[in-house]
Amino acid sequence: MPVEAVQDTVRELGGAAHPILAGLKADQRGRGLDPRLRSFAAEVIEAGGFTNVSNEAMCYRLLELKLVTSTSKTQLKLF
């Protein structure tokens, strides 16, 4: 999943703002991936036409690229 392709897809889905999910970090630590993150990852996969990528891999890619953040941290802009 090239960085630019994922960033462009997220931008197309939501403009310059990216999803901010309350309690995202807490869910990562104890209970696996947040269902809201999984849902957004599925949207990105479909909208971007990404093939041969798992939902879990896209979740971690979105987190790595800071395209999804938690309200427990300072809210950041996409770019």
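Me: What share of the contacts in the protein between residues at least 6 apart in sequence joins residues at least 24 apart?
Reply: The share is 68%, where contact means heavy atoms within 4.5 Å. The model is predicted: local features need pLDDT of at least 70, side-chain atom pairs count only at pLDDT 80 or more, and totals for chains, interfaces and linings use all residues. Residues are numbered from 1 along each chain as its sequence is written, and side-chain values use heavy atoms, with hydrogens and water left out.

Me: Why is helix 1 called roughly perpendicular to helix 3?
Reply: Helix 1 (residues 3–14) and helix 3 (residues 35–48) pack at an angle of about 105°, with axes 9 Å apart. Angles of 65 to 115 degrees count as roughly perpendicular, so helix 1 is roughly perpendicular to helix 3.

Me: Which residues of helix 1 and helix 3 meet?
Reply: T9, V10 and L13 in helix 1 meet F40, E43, V44, A47 and G48 in helix 3. The residues of this contact comprise five nonpolar, two polar and one charged; Ala, Val, Leu, Ile, Met, Phe, Trp, Tyr, Cys and Pro count as nonpolar, Asp, Glu, Lys and Arg as charged, and the others, Gly among them, as polar.

Me: Why is R61 called buried?
Reply: Buried means under 20% relative accessible area (1.4 Å probe, protein chains only). R61 has a value of 16%, and is therefore buried. R61 lies in helix 4 (residues 55–64), where M58, C59, L62 and L63 are among the other buried residues.

Me: Which residues does R61 touch, not counting those up to four places away in sequence?
Reply: R61 touches M1, P2, V3 and V6.

Methods: Axes fitted to C-alpha atoms, helices over the stretch in contact; angles between N-to-C directions. Helix = DSSP H or I, 4+ residues; strand = E, 2+ residues; numbered from the N terminus. Parallel < 35°, antiparallel > 145°, perpendicular 65-115°, else oblique. Buried < 20%, exposed > 50% of the residue type's maximum accessible area, 1.4 Å probe, protein only.
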